[in-house]
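Please examine the sequence and the three-dimensional structure shown below.

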Amino acid sequence: MAWSSGPTPVTAIGTDFVDRFAGSLKTLAVDLFGSNDKRALLIGIVVIAIAIGALLGVATGARWKRLAIGFAAFGVLGAVAMGTHPLSTGWPPAIAVNALAVAAGIASFIVLTRLSPRPARSAPSRANAPATSACEARPALNRRQFAVAVGGTVAVTAGIAQFGRNVRRFDGVAARPTSSLPPPASTTLAPTAAAAPTTAAASGATATFDIPGLSAFVTPNSEFFRIDTALQVPRLDTDSWTLTVDGMVDAPFTLTFDELLALPSVERTVTLTCVSNEVNGDLIGNAVWQGVPLVDLLERAGVDPDIATQLVGHSVDRFAAGFPTAAAYDGRTALVAYAMNGAPLPLEHGFPARLVVAGLYGYVSATKWLERIELTTWEAFDGYWVPRGWSKEGPIKTMARIDVPRRDTDIDAGPTPIAGVAWAPNIGIERVEVQVDFGEWVECALNRIGNDDTWVQWMTPWDAVPGDHTIRARATDRTGATQTDQIASVAPNGASGYPTRRVWVR
Ligand SMILES: Nc1nc2c(c(=O)[nH]1)N[C@H]1C(S)=C(S)[C@@H](COP(=O)(O)O)O[C@H]1N2
Ligand SMILES: [Mo]
């Protein structure tokens with residue numbers, strides 16, 4: 001990894017903040033790590049840093065030596081955060097970057113205090129003060145000029161920061177996946193779009209329902225939800241990346257990326273969801289994953305799943321997720337995946353390789369930027385989110401979601417579909433029912449294009465009459481269990497309750 005792909009002082013401090021407080025601040029739960037929250041956190045850090053700088057200025061009475069000590073203390077904090085960051089590229093850049101920032105801070109302070117307008121001591125009115133007063137050795141700017149000077153300093157600083165960012169982006173790390181993918185040994189069928197059936201009799205359709213607003217069967221990579229604690233997407237180089245399988249194994253081994261690609265692979269369509277997905281939420285997606293079956297790697301290493309009861313996927317960024325080793329042996333889809341929907345894994349989704357395990361929430365299974373698979377015991381290790389208040393085991397709860405009618409919409413009276421998706425990965429969906437205004441539960445048409453690891457699209461026609469209506473849905477999985485109507489929030493092991501939508505029909 002080139003140093004330029006390492007953390008900045010701001011992302012490094014942000015990472016420390018996340019790791020320290022992700023469990024204690026409820027607002028920083030798993031679900032809050034979408035891109036917007038990350039941006040908010042980083043902006044917050046910058047704003048707070050500026051505020052502390054201003055406070056320092058006031059507290060030290062603007063004496064530059066004292067202020068320099070304060071700035072230096074800050075620089076040490078930044079350097080330590082950067083140097084110990086999981087993606088750290090070592091101490092030299094951490095120290096250099098922060099020393100530079102401290103020097104720039106002190107320099108701009110000195111320049112600005114030199115230029116700052118000072119009320120003339122002896123003269124009651126500035127206008128009457130002689131232009132060449134003895135005490136006016138430094139150039140005195142008026143307020144307007146001073147404001148311009150401050151603005152200029154800010155602009156120059158921002159320009160330098162932006163320059164630094166561009167240098168970092170220009171790093172040329174061979175991270176953008178260009179490699180061609182090997183053909184999978186076996187694959188699941190690729191669905192094609194077709195017109196929606198208009199009656200429930202069309203149950204068992206083999207093409208995706210084409211209903212506006214209904215989730216596509218396969219979620220495009222660009223629309224696939226992203227959840228992780230990484231304030232900076234790790235950019236790994238396939239030339240130096242390796243995957244190690246070790247811990248309680250007979251023969252630990254390490255693979256290069258090329259060696260991983262050379263192993264027999266499969267292509268499987270699996271629905272992935274986050275434990276923080278609310279009822280009717282959108283932290284879920286369905287993709288075609290290509291990779292090497294986990295069990296192949298475990299057999300090569302020599303694993304006794306009765307002894308090594310936990311499998312932990314470690315990421316390069318210190319994140320780790322653990323699940324029962326038995327899950328890799330019980331026949332479910334469990335892959336070290338390197339491709340998503342026919343393309344190399346996007347950087348945000350774990351390039352060059354990640355785990356995908358059907359039926360388990362991402363926080364206990366789906367380690368992105370995977371570098372190590374460790375076999376240990378169930379008791380010996382807790383994954384990232386476990387000490388932060390989330391359940392150690394994370395089976396996905398059987399759930400339906402209403403996509404159509406869309407949230408907060410008025411609709412016209414007349415025939416209109418009610419449609420959505422339902423999932424019980426590794427178990428399969430048996431049936432989905434819909435109920436309008438707390439009346440009869442009506443069985444929906446299901447689209448059987450996927451497999452038991454994928455969500456199914458469901459729909460039922462509805463003759464909407466004017467008024468305010470409540471629509472509810474519920475899914476039953478192949479064990480015969482219907483999802484519970486007990487409302488639970490996402491923590492500690494996933495939301496539950498029937499998805500509900502209120503619509504106003506004109
Ligand atoms: N390295 C790493 N992998 C991770 C996470 C993370 O924070 N870091 N989050 C997990 C969680 S909570 C989820 S829900 C899935 C989401 O995968 P996606 O972003 O590809 O949708 O990634 C999992 N893998
Ligand atoms: Mo998650």
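A residue is called buried if its relative accessible area is under 20%, exposed if that area is over 50%, and partly exposed in between, using a 1.4 Å probe and the protein chains only. Helices (H or I, at least four residues) and strands (E, at least two) are DSSP runs, numbered from the N terminus. The structure is a predicted model, in which local features need pLDDT of at least 70 and side-chain atom pairs count only at pLDDT 80 or more, while totals for chains, interfaces and linings use all residues; side-chain values use heavy atoms, with hydrogens and water left out. Residues are numbered from 1 along each chain as its sequence is written, and chains are lettered from A and ligands numbered from 1 in the order in which they are written.

Consider the protein as a whole. It contains 8 helices and 19 strands, and 48% of its 506 residues are buried. Its accessible surface, computed by the Shrake-Rupley method with a 1.4 Å probe and, for residues, with only the protein chains shown as cover, comes to about 23,800 Å². Carbon and sulfur atoms account for 59% of that surface. A contact means heavy atoms within 4.5 Å. Of the contacts with a separation of 6 or more, 74% are between residues 24 or more positions apart.

Two helices can now be described. The expected span of a helix is 1.5 Å times one less than its number of residues. Helix 1 (residues 9-21) has 13 residues and should therefore span 18 Å, which agrees with the 18 Å between its end C-alpha atoms. Which residues of helix 1 are buried? They are Thr11, Ala12, Gly14, Thr15 and Val18. Seen down the axis of helix 1, these buried residues fall within an arc of 160 degrees (taken from the directions from the helix axis to the C-beta atoms), so they line one face of the helix. An α-helix has 3.6 residues a turn, so residues three or four places apart point the same way. Helix 3 (residues 64-84), with 21 residues, reaches 30 Å from its first C-alpha to its last, close to the expected 30 Å. Its buried residues include Leu67, Phe71 and Met82.

Gln232 lies in the loop between helix 5 (143-169) and strand 1 (242-247), and its side chain is joined to that of Thr11 by a polar contact of 3.0 Å. A polar contact is a pair of N or O atoms within 3.5 Å; within protein, one must be able to donate a hydrogen and the other to accept it, and residues adjacent in sequence count only if both atoms are side-chain atoms. Gln232 is buried because its relative accessible area is 13%.

Leu298 belongs to helix 7 (residues 294-301) and counts as buried, at 0% relative accessibility. Among the residues that Leu298 touches are Leu311, Tyr329 and Leu375. Leu298 and Tyr329 are 31 residues apart in sequence, and their C-alpha atoms are 9.3 Å apart in space.

Finally, turn to the ligand. Ligand 1 is surrounded by 20 residues (each with a heavy atom within 4 Å of the ligand), and the closest are Phe225, Thr229, His349, Arg354 and Lys368. A polar side-chain atom of Lys368 lies 2.5 Å from an oxygen atom of ligand 1. The protein covers 100% of the 530 Å² of accessible area that ligand 1 has on its own.
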